[in-house]
Amino acid sequence: MLNFESNRKARGAKGFTLIELLVVLAILTLLAGLVGPRVLSQLGGAKSKTAGVQIADLEKSLELFKLDVGRFPTTEEGLNALVVKPGAAMGWNGPYLKGAVPSDPWGHPYKYTLNNGAVELLSYGADGAAGGEGENADIQNAR
């Protein structure tokens with residue numbers, strides 16, 4: 001054993017011992033355990049905020065549609081009326097969105113309904129189902 005150690009020093013070989021590598025891996029694991037959950041929770045909050053911003057943008061596009069056509073799209077026409085002219089939309093001057101109608105940050109379509117002249121835009125959150133808390137909470141426009 002002594003001969004191996006002296007040969008290593010004589011050759012000028014540099015490297016890390018197994019113990020040093022294990023200590024570094026342990027430190028990295030601890031850091032990942034402490035920092036990882038905080039980063040992931042911030043990512044989830046960003047998706048909820050993105051959904052809120054997209055809903056506000058869709059509301060503005062719906063207002064432009066209403067200025068041109070004189071009404072909001074019907075529930076049956078849906079948000080697609082912002083991109084493709086509905087048959088009964090005289091004065092349509094769209095498209096009112098660039099590209100297609102966006103999906104929410106979780107990949108689900110936004111739910112659009114028109115009730116007694118009031119527009120409702122809704123994202124069901126991460127789980128895609130009504131209700132929920134945190135990331136699964138529904139996000140909707142202010143009525």
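**Exercise 1. State the order of the secondary-structure elements in the protein chain, then describe the chain as a whole.**

Solution. From the N terminus on, the order is α-α-β-β-β. The model is a predicted one. Counting by type gives two helices and three strands. Next, take burial: of the 143 residues in the protein chain, 22% are buried. The accessible surface amounts to about 9800 Å², and carbon and sulfur atoms account for 62% of that area. Last, take the contacts between residues at least 6 apart in sequence: 40% of these join residues at least 24 apart.

**Exercise 2. Work out the setting of aspartate 104: where does it lie, and which side chain makes a polar contact with its side chain?**

Solution. Step one is the location: aspartate 104 sits in the loop that runs between α2 (18–69) and β1 (111–115).

Step two is the charge. Aspartate 104 is buried but has no salt bridge. A salt bridge requires a side-chain nitrogen of Lys or Arg within 4 Å of a carboxyl oxygen of Asp or Glu. The nearest side chain of opposite charge belongs to lysine 47, and it is 8.6 Å away.

Step three is the polar partner: the side chain of serine 123 makes a polar contact with that of aspartate 104, at 2.8 Å.

Step four lists the neighbours. Not counting residues up to four places away in sequence, aspartate 104 touches Gln54, Tyr110, Ser123, Tyr124 and Gly125.

**Exercise 3. Classify alanine 89 as buried or exposed, and name its contacts.**

Solution. Begin with the position: alanine 89 belongs to the loop between α2 and β1. Its relative accessibility is 0%, and therefore alanine 89 counts as buried. The cut-off for buried is under 20% relative accessible area. With neighbours within four places in sequence left aside, alanine 89 is in contact with Phe65, Val69 and Arg71. For a distance along and across the fold, take lysine 66: alanine 89 and lysine 66 are 23 residues apart in sequence, and their C-alpha atoms are 10.0 Å apart in space.

**Exercise 4. Which residues make the nonpolar surface patch of about 880 Å², and why does leucine 22 count as partly exposed?**

Solution. The patch is made by Leu18, Ile19, Leu22, Val23, Val24, Leu25, Ile27, Leu28 and Leu31. Of these, take leucine 22, which is placed in helix α2. Leucine 22 counts as partly exposed because its relative accessibility is 48%. Exposed would need over 50%. Membership of a patch asks for over 30% relative accessible area.

Technical notes:
Residues numbered from 1 in each chain as written. Predicted model: local features only at pLDDT ≥ 70, side-chain atom pairs only at ≥ 80, totals over all residues. Heavy atoms only, no water. Helix = DSSP H or I, 4+ residues; strand = E, 2+ residues; numbered from the N terminus. Buried < 20%, exposed > 50% of the residue type's maximum accessible area, 1.4 Å probe, protein only. Lys, Arg positive; Asp, Glu negative; His and termini not counted. Polar contact = N/O pair within 3.5 Å; in protein donor to acceptor, adjacent residues only side chain to side chain. Contact = heavy atoms within 4.5 Å. Patch = residues over 30% accessible without salt bridge, like charges linked within 9 Å, V, L, I, M, F, W, Y side chains within 5 Å. Areas by Shrake-Rupley, 256 points an atom, 1.4 Å probe, with all protein chains shown as cover.
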